[in-house]
Amino acid sequence: MPSIYPQRIPLHVEAWQAPDEPVPFATAVAQRFEPFEIGSTWGKAWSTTWFRVTGRVPQEWLDTGASLEVVVDLGFRPQMEGGQAEGLAYRPDGSIIKAIEPFSRYLPVEAGPDGALEFYIEAAANPEIAIGDLTAGAMWTPSTYSTKDTVPDEPIYQLRQLDLAVLDTVVWELNQDIEVLASLAKELPQDSPRRGEIASALNRAIDVVDPDDVGGTAASGRDVLSDVLARPAHASAHRIVATGHAHIDSAWLWPVRETVRKCARTFTNVLNLMEEHDELVFACSSAQQYAWMKEYYPQVWERIKGAVAAGRFVPVGGMWVESDTNMPGSEAMARQFVLGKRFFAEELGVEPLEVWLPDSFGYSAALPQLARAAGARSFLTQKLSWNETNVLPHHTFLWEGIDGTRIFTHFPPVDTYNSKLSGDELAKAERQYKEHGHGSISLVPFGYGDGGGGPTREMIAKAARTADLEGSPRVRIGTPAEFFVDAEAELARPAVWHGELYLETHRGTYTSQLRTKQGNRRSEHLLQAAELWAATASVRTGAPYPSERLRAVWETVLLQQFHDILAGSSIGWVHREAEANYARVATECTEIIEAAFAALSGSGENDLAVNSAPVTIDGLPPFSISTATAASAPPVTASPGDGDVVFENGHLRMQVDGRGLVTSLVDVAAERELVPAGRSLALLQIHNDRPTMYEAWDIDEHYRRTVHDLVSADRVELIEGHVPIVRVHRTYRSSRFVQEISLRADSPVVDVRVDVDWQETRKLVKLAFPLDVQADEASSEIQFGHVKRPTHVNTSWDQARYETVAHRWVHIDEGGYGAAVVNDSTYGHDIQRQHFEDAGVSGTTVRLSLIRGPKFPDPEADRGNHTMRIALVVGAGLTDAQREAWRLNQPVRLLRGARPVEPLVQVHNDLEPGVIAQAIKLAEDGSGDVVVRLYEASGRRSRAGVLAGFDHEEVVTTDLLERTTAPRGDVERTTTGVRLEMRPFEIVTLRFIRAAGTKDNGARWSRDAKERS
């Protein structure tokens, strides 16, 4: 409405273009600025342009005390929020004024006594990556903006406006009145008396507002509308707690460095808005984003600290980032809470009690226990509103994990975390709420995200008008904690949802960007080994424990588990940067490990084996450096004949035909053929992979309609050696595959290595293992345990689960006879019961999703060379699956010139696999205490003894954050450690206190923070 700013005058603009990456304010203002005309273009994609703006307020405006603002249009697109130009305004002394965003285009006027004003705008030319109207079903198309080195040279924005203007506050308020009433009326039934009343009032208001004198008649229009705005809501109206929010992806269609600036802009806007509106509270997750403010924007950080202390700027989530929860490993998922909560407690003196993951792509069934073990009491998401097939039957409920732990959960029925508090959104929240009759309250996060600027004054105006308005839910601005207290109080018997919260879309995120996923997997295992050996060296030799180095590495790994990085759904810039970071992680962890080995075992005379895994491998005890015991076993033989090669190792007999296909695999002891007639194992299959919309995110079910079995071979070689290998060379279009298949000596294991030079796009490569094993369900490893999923498709829920996630192994079982497929790189699987027509039998096919080639948002995704290792374990139980997973992902290594080292901690199980020590480290507080994280791995009650190979005074159980918990009756102290009983999939953290005066030393930080919360 032009009448909101009835008077405007242009300001004088000069510009300086930063040559490459963003520079600090002091650097920019020291440059030579050139005159810049309004209407001129600026900003090559990803560049930064600094504008110096000067002008003078007319004396008559000063004399009348008019409300003044600077109005800026950097060239904003009408539909996009954060995926376009943004700016941050500075005073000449370098202090920040406010951000300029697509839906927050104004700046306060700070003029001198003579009316002179001067300020700078740091304008970011962030390109619009998403092309096409997604609401109309258009496909996002490949973009030249995915990396900095592929962008065109021409500018992409036009500076349309930089005016000093008079704000007519009465007209602005009238505009808010009209918007609220008009949007409410649209949601009311056609024959509703209330709708007719509002329509009549709006018509009368239009009549009394003179279009030739809007400013002079706006007050009369407001008077006309005052009665309908004053009508109170019905007593039974749905209640909404509206929480200010700005969902800022820590990387996505922009690099991490731009997220830092997006946070500074949004947080500045929020803090300014809080000064103007006492009722505003703002919920913000991700300790990483707060840490960026502390490091890069100290003035914003100081303001945040003050607002947190006042209870207005509310940390939520308690995690380092809003991570993916499907693919992070066990300890990494725990560390999201450990590092996140430590930061909030140490830096801000608070402990968030809500897990806040509105946008992650499905939720692991291990999460309820992890969240509660980290001190959380509630959980929030809304992503399941994206389900393509089934609708979750609850909005407020108890979510129960694999171990039986429950957490109070809310799934906002408004179906968005970027609400504008519009009438249609409020009506939707009330209409969709599934707990009617039992509950009456839901939460609505409001504010523009991803650099859109967060909450706006218009949204706050809507909240004020709908606080008690007939026909609308009652809206009050409040914190998530306030919502959860009220919601728990009114739901005496919440419904229960057991198991994973599977998202029925975005199934491609288990596979996209293979190098990023491999980097994550390698980093997690390197960190496990680095902490183990650094702790062992510190306890045994007094070597310094590199806590700060380890924390810094963890912060890098945890950041890259953000749900658009690890998921593979970001631009190429993000993933190339992630790959470089993983290389640095590998270097840092290797240096830590080598230093520990030098302290522990250097200057010895033997070549020894190092087992960093928590399970025995080839006779080598867990967590030890010792001589590997070579088992006397028959050699692996390979016998060529009639175009086939038959491999035998005493356990298995495998036949590979002239095409390099495994056509037979016999379990010798069981006298059982595993390959159904007419099928072959380790078969590469290639599907067309063209999702309807979200390329990197989705694998749509129609991909199954086309498949190309890669059965032709360019060359098949038998490589003789200690373990003979068949090497198969295959070609698919422009891509090359090399498969190496072998039997492992003295093990019922088939090893498969796949090397690929992948040059395809919009294809999906599967590796298939059709097995003559009838399994009604499959077990898949997740954090601290496994989930069982049906292999059939009896229900719509089963049918929608056609692509699932697993960590290092999947296991199928037929009445006590099982098989496991283990991997070192893969997360995406499909496991289906299948009738094999040629054989006339039913069995189960396990397929791993190896690689894709989506074109959006990274047109070069997955191109290049990759290596993957897979193992098929025949006749396997869960113990075998666990052991082979560790063997493949944490292989035994050779240490030359070494001395033996006994394990720092040993776990002795009454039954295998039983209890596993997932992590051994020193305490976070620097006390030198040893912390051991255990979990029950079999899914049954297990008893185990935990023996410490070092002197200690006491053993206590703690939560994830290493705070002492109430004594457990099932933990029995022994002379060297403890014996304990653990529930199925239970996580237990033990703290071995090594010296007087260190009991729970330093853990006080979190206990005090909890009291403050």
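In this predicted model, the side chains of Arg 727 and Glu 740 form a salt bridge, with N and O atoms 2.8 Å apart. The pair joins distant parts of the chain: Arg 727 belongs to strand E33 (residues 725–732), Glu 740 belongs to strand E34 (residues 735–743), and the two residues are 13 residues apart. Arg 727 has a relative accessibility of 25%, so it counts as partly exposed. Glu 740 has 16%, which puts this residue among the buried ones, because buried means under 20% relative accessible area. Behind such pairs stands a general point: side chains of opposite charge can pair when their charged atoms come close.

A second salt bridge connects Asp 755 with Arg 753, at 2.9 Å from N to O. Asp 755 counts as buried at 18% relative accessibility, while Arg 753 is partly exposed at 28%.

Arg 941 is exposed, with a relative accessible area of 54%, and Glu 981 is partly exposed, with 27%.

Salt bridges can also be joined into a network. One network links Asp 20, Glu 21, Glu 86, Glu 122, Lys 148, Arg 257, Glu 258, Arg 261, Lys 262 and Arg 265. In the whole structure, a search finds 86 salt bridges. The charged side chains of the chain number 102 positive and 141 negative, and the centres of these two sets are 2 Å apart.

The next step is the chain as a whole. It contains 19 helices and 53 strands. Its radius of gyration is 31 Å, close to the 31 Å that the globule rule gives for 1013 residues, so the chain is as compact as a globular protein of that length. Along its principal axes, the C-alpha trace spans about 100 × 70 × 65 Å.

How much of the chain is buried? Buried residues make up 62% of the 1013 residues. The chain exposes about 36100 Å², and carbon and sulfur atoms supply 49% of that area. Among contacts with a separation of 6 or more, 74% are between residues 24 or more positions apart.

Definitions and conventions:
Residues numbered from 1 in each chain as written. Predicted model: local features only at pLDDT ≥ 70, side-chain atom pairs only at ≥ 80, totals over all residues. Heavy atoms only, no water. Helix = DSSP H or I, 4+ residues; strand = E, 2+ residues; numbered from the N terminus. Rg over C-alpha atoms; globule rule 2.2 N^0.38 Å. Buried < 20%, exposed > 50% of the residue type's maximum accessible area, 1.4 Å probe, protein only. Contact = heavy atoms within 4.5 Å. Areas by Shrake-Rupley, 256 points an atom, 1.4 Å probe, with all protein chains shown as cover. Lys, Arg positive; Asp, Glu negative; His and termini not counted. Charge placed at Lys NZ, Arg CZ, Asp CG, Glu CD. Salt bridge = Lys/Arg side-chain N within 4 Å of Asp/Glu carboxyl O.
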